[in-house]
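Please keep the sequence and the structure in view while reading.

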Amino acid sequence: QVQLVESGGGLVQSGGSLRLSCAASGIIFRLNSMGWYRQAPGKRRDLVAVITGGGSTNYAESVKGRFTISRDNAKNTVYLQMNSLKPEDTAVYSCTIPSSNYWGQGTQVTVSS
């Protein structure tokens, strides 16, 4: 049974930082790409960042230079380090195995101005 469990969301002031974690189980983690998406109220869910099993990364233009996705294959965990946060980064952040139906429950990130 595949499970993805996010943690690390919260309330932060504009310019602050947060680190999200997503612990995966039920998969051969090192073989899978992992991704972070976010959905703000009334908007569609958008890709934030993705990392392949080999460590290659790709980012949405809106977060390039501010967010960093990384993974620890020994801990079956993918991270999203978010720096220089802006109010427009406010959303529910979810991790996923790209091109699968597996999603975490999501974690709320709120950035106050």
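Q13 has its place in strand β2, residues 10–13; helices (H or I, at least four residues) and strands (E, at least two) are DSSP runs, numbered from the N terminus. The model is predicted, so that local features need pLDDT of at least 70 and side-chain atom pairs count only at pLDDT 80 or more, while totals for chains, interfaces and linings use all residues. Residues are numbered from 1 along each chain as its sequence is written, and side-chain values use heavy atoms, with hydrogens and water left out.

**Strand residues and distances along the chain**

- With a relative accessible area of 61%, Q13 is exposed; the term exposed means over 50% relative accessible area, buried means under 20%, and partly exposed lies in between (1.4 Å probe, protein chains only).
- The C-alpha atom of Q13 is separated by 31 Å from that of Y102, and these two residues are 89 apart along the chain.
- S7 has its place in strand β1, residues 3–7, and is partly exposed, with a relative accessible area of 39%.
- Between the C-alpha atoms of S7 and S100, which are 93 residues apart along the chain, the separation is 21 Å.
- L80 is found in strand β8 and counts as buried, at 0% relative accessibility.
- L80 and L20 are 60 residues apart along the chain, and their C-alpha atoms are separated by 5.0 Å.

**The largest nonpolar core**

- A nonpolar core is a set of buried Ala, Val, Leu, Ile, Met, Phe, Trp, Tyr and Cys residues joined through side-chain atoms within 4.5 Å.
- The largest nonpolar core has 30 residues, of which W36, L80, M82 and Y93 touch the most other members.
- At least two residues of this core come from each of β3 (18–25), β4 (34–39), β5 (46–51), β7 (67–72), β8 (77–82), β9 (91–96) and β10 (107–112).
- Strand β3 gives the largest share of this core, four residues.

**Aromatic rings and charges**

- One aromatic pair is present in the structure; rings of Phe, Tyr and Trp (its six-membered ring) pair if their centres lie within 6.5 Å, and planes under 30 degrees apart count as stacked, over 60 as edge-to-face and the rest as tilted.
- The pair is edge-to-face because the rings of Y37 and W103 have their centres 5.1 Å apart and their planes at 70°.
- Y37 lies in strand β4 and W103 in the loop between β9 and β10, so the pair ties together parts that are 66 residues apart in sequence.
- Y37 counts as partly exposed, at 22% relative accessibility, and W103 also counts as partly exposed, at 31%.
- The C-alpha atoms of Y37 and S94 are separated by 5.3 Å, although the two residues are 57 apart along the chain.
- The charged end of R45 sits over the ring of W103, at 3.6 Å from the ring centre; a charge sits over a ring if NZ of Lys or CZ of Arg is within 6 Å of the ring centre and within 35 degrees of the ring normal.
- R71 lies over the face of F29, 4.4 Å from the ring centre.

**Positive phi angles**

- N76 is not a glycine, yet its phi is positive, at about 50°.
- N76 lies in the loop between β7 and β8 and counts as partly exposed, at 24% relative accessibility.
- S84, a residue other than glycine, has a positive phi near 50°.
- S84 lies in the loop between β8 and β9 and is partly exposed, with a relative accessible area of 40%.

**The largest pocket**

- The largest pocket holds about 160 Å³ of space; on a 1 Å grid over the protein atoms alone, a pocket is an open set of points where a 1.4 Å probe fits, with protein on both sides within 12 Å along at least five of seven lines.
- The lining of the largest pocket consists of R38, Q39, A40, K43, R44, D46, E88, T90 and A91; lining residues have an atom within 4 Å of a point.
- Among the lining residues of the largest pocket, five are charged, two are polar and two are nonpolar; Asp, Glu, Lys and Arg count as charged, Ala, Val, Leu, Ile, Met, Phe, Trp, Tyr, Cys and Pro as nonpolar, and the others, Gly among them, as polar.

Terms used: Points joined across faces, edges and corners; volume = space filled by probe spheres on them.
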